[in-house]
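Here are some questions and answers on helix packing and aromatic pairs. The sequence and the structure come first.

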Amino acid sequence: MMELYLDLLSQPCRSVFMFAKALRIPFEFKRVDLLTGQQYSEEFGKISIIRRVPVMKDGSFILTESIAILKYLAQKYSSSVADHWYPADLQQQARVNEYLSWQHLNLRSHGSKVFLLRTLFPVIMGSEAPKEKMDAAIEDLNQSLDLLEGKFLQNKPFIIGDKISVADLVAIVEIMQAVGSGLDVFENRPKLIAWRERLKKEVGEKLFDEAHEMIMQASSLPQQMQNSPELEKIKPKFRKYLI
């Protein structure tokens, strides 16, 4: 059976998890605990030298990067995966790829930074994040959300039109990362709220909640990290991003 190496604290892992579960693609869940540094273990290093999740192992074929995994799954299971998830039509597929290309340095980058500053900065740095740094991160996130609404969603139900695609999954997990930090990202954004509710209906509310259960309990992460014997090993890697 296909193996997926995941930690659902990770946004890209959640998009792969929801896609595979929603489309009933059989897989074995292999948890890699990021907060304890399990990705740096010798065992995981044999699976992926990149030492990041998600990782897919399909027989002897190993694939990293969530976007590549999503496309692989959509194409491998094309006989049972509805076309709208990753359309065969050239222009519709290009719209999905356009969003997936844009999001890395925009919604993903900015949502991640807000989460790290609000949730992990105090543990790693020993103090609250500086106000000016936090304000700038939230401003960047809001600009990305404005673009998601104005450029990609516009007045459509989903990013590529009337049907959900992998682009929508990739978008929502990044937004929920900031929500998990306690920031009300959806405040005064009725268009995003309506889109979120349509998306939850499409994948199933139970699955959506299952995928985001850990991130919605992110307030407990500092305590978990303080109790981790691996904390000192992973602190330098977080500092590089936070400083």
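Q: Is Phe152 buried or exposed?
A: In this predicted model, Phe152 has a relative accessible area of 5%. The cut-off for burial is under 20%, so Phe152 counts as buried.

Q: Which residue forms an aromatic pair with Phe152 that is edge-to-face?
A: The partner ring lies 5.1 Å away, centre to centre, with 90° between the planes. Phe152 lies in helix α5 (residues 131-153) and the partner in helix α4, so the pair ties together parts 53 residues apart in sequence.

Q: How many residues apart are Phe19 and Trp85?
A: These two form an edge-to-face aromatic pair, 5.5 Å centre to centre and 80° between the planes. Both are buried. Phe19 is in helix α1 and Trp85 in the loop between α3 (66-76) and α4 (90-125), which puts them 66 residues apart.

Q: Within what arc do the buried residues of α8 fall?
A: The buried residues of helix α8 (residues 205-212) are Leu207, Phe208, Ala211 and His212. Seen down the helix axis, they line one face, because they fall within an arc of 125°.

Q: Which helices do the buried residues of α8 pack against?
A: The packing of these residues involves three partners, α1 (11-22), α6 (166-180) and α7 (190-203).

Q: At what angle do α7 and α8 pack?
A: The axes of the two helices are 6 Å apart. Angles of 65 to 115 degrees count as roughly perpendicular, and α7 is roughly perpendicular to α8. The angle is about 105°.

Notes: Residues are numbered from 1 along each chain as its sequence is written. This is a predicted model: local features need pLDDT of at least 70, side-chain atom pairs count only at pLDDT 80 or more; totals for chains, interfaces and linings use all residues. Side-chain values use heavy atoms; hydrogens and water are left out. Buried means under 20% relative accessible area, exposed over 50%, partly exposed in between (1.4 Å probe, protein chains only). Helices (H or I, at least four residues) and strands (E, at least two) are DSSP runs, numbered from the N terminus. The arc is that of the directions from the helix axis to the C-beta atoms. Contact means heavy atoms within 4.5 Å. Axes are lines fitted to C-alpha atoms, for helices over the stretch in contact, and angles run from 0 to 180 degrees between N-to-C directions. Angles under 35 degrees count as roughly parallel, over 145 as roughly antiparallel, 65 to 115 as roughly perpendicular and the rest as oblique. Rings of Phe, Tyr and Trp (its six-membered ring) pair if their centres lie within 6.5 Å; planes under 30 degrees apart count as stacked, over 60 as edge-to-face and the rest as tilted.
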